[in-house]
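Dear colleague,

I am handing over the structure below, and would ask you to look through it before reading my notes.

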Amino acid sequence: MALDQSFVGRTYPPTPAYEVGREKIREFAEAVGDDNPAYVDPEAAKALGHPDVIAPPTFVFSITFRAAGQVIQDPQLGLDYSRVVHGDQKFAYVRPVRAGDRLTVTSTIEGIKTMAGNDIVDIRGEVHDESGEHVVTAWTKLVARAAEEA
Amino acid sequence: MTASIAYGAVEVGTELPARSFPVTRATLVQYAGASGDFNPIHWNEKFAREVGLPDVIAHGMFTMAEAIRVVTDWAGDPGAVVEYGVRFTKPVVVPNDGTGALIEVSGKVGAKLDDNLVRIDLTAMSEGKKVLGMSRAVVRLA
């Protein structure tokens, strides 16, 4: 069933702050096998001009995707999450995410399309720190595959 | 931000050192825990087959995380990445055979932009198939 176009442009309330911890960054870097010292060693990060260890570029997805859950699970929108796959992902960084950040995400539905029975939803997540500084924007394209004929 | 590569030292077509990243079922379990993405298609073979997949597949975001390492290792400072986007075109299928799969990533300078920025065009392959499309990063060089 086609999704309601009137949801385009809808913005959801900002999420509660997510506090980025050094050990969570380390855990993520280890999980992707990345031994870049800027992710684990505060001194190495400082030598590059960062105030504390920074997170790998895709780390912030865990936070923005959780925020996108507001959209995905919005019963009024009616997206069939059991059929959702990740289509595209993009990030634009003002600065890298770093340990100590307290980040909030504001999600907006940028687009809704139906192509060949697939529902396609574009969600933009704006990530801000505690001082209100813009840190990164994440764009996520989700595709709910057409239900098979019974 | 302190990239170790100078803008003046690269041209359109300059190749970045290619890398291969192995991925096994254990890798996927570890990534699920670290990222919080516990979708069973990434660890439960029976479930994956039931939803029409050939086998367990890697998280798309795992592949995205590996591909950018070609850029961050080259540039020196991961904080020099100002933009990064991909399209998930084909899944990375990870068999339960102890060997798993290999993600092969290469990259080259696709364009030189203003302000010491360059666009890197990445290619990520697994089992001879392109697993990422339109995979591009913009990075600020020294």
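Read along its sequence, chain A of this predicted model follows the pattern β-α-α-α-β-β-β-β, which amounts to three helices and five strands; helices (H or I, at least four residues) and strands (E, at least two) are DSSP runs, numbered from the N terminus. The C-alpha trace of chain A spans about 60 × 30 × 20 Å along its principal axes. Chain B, for its part, has four helices and six strands, in the order β-α-α-α-α-β-β-β-β-β, and its C-alpha atoms fill a box of roughly 50 × 30 × 25 Å, again taken along the principal axes.

A word on conventions: residues are numbered from 1 along each chain as its sequence is written, while chains are lettered from A and ligands numbered from 1 in the order in which they are written. Because this is a predicted model, local features need pLDDT of at least 70 and side-chain atom pairs count only at pLDDT 80 or more, whereas totals for chains, interfaces and linings use all residues.

For chain A, the record places "domain: FAS1-like dehydratase" (unreviewed entry) at residues 6–137, a stretch that is 21% helix and 31% strand, with its end C-alpha atoms 23 Å apart. For chain B, the UniProt annotation "domain: MaoC-like" (unreviewed entry) covers residues 14–109, and that span is 33% helix and 27% strand, with end C-alpha atoms lying 5 Å apart.

Turning to where the chains meet, the contact takes 26 residues from chain A and 28 residues from chain B, two residues being in contact if their C-beta atoms, placed from the backbone, lie within 7 Å. On the side of chain A, the elements giving two or more residues are H1, helix H3 (61–72) and strand E2 (84–93), and E2(A) gives the most, with eight residues. By class, this side of chain A has 13 nonpolar, nine polar and four charged residues, where Ala, Val, Leu, Ile, Met, Phe, Trp, Tyr, Cys and Pro count as nonpolar, Asp, Glu, Lys and Arg as charged, and the others, Gly among them, as polar.

E2(A) also pairs with strand E2 (residues 81–88) of chain B, in the antiparallel sense and over five bridges; two strands pair if DSSP finds at least two bridges between them. Within this pairing, Ala92(A) stands opposite Glu83(B), and the bridge partner of Phe91(A) is Tyr84(B). E2(B) is in turn joined by six bridges to strand E6 (residues 132–140) of chain B, the two running antiparallel, and here Phe88(B) has Leu132(B) as its bridge partner.

With kind regards

How values were computed: UniProt positions renumbered as here; feature names shortened; annotations may be inferred.
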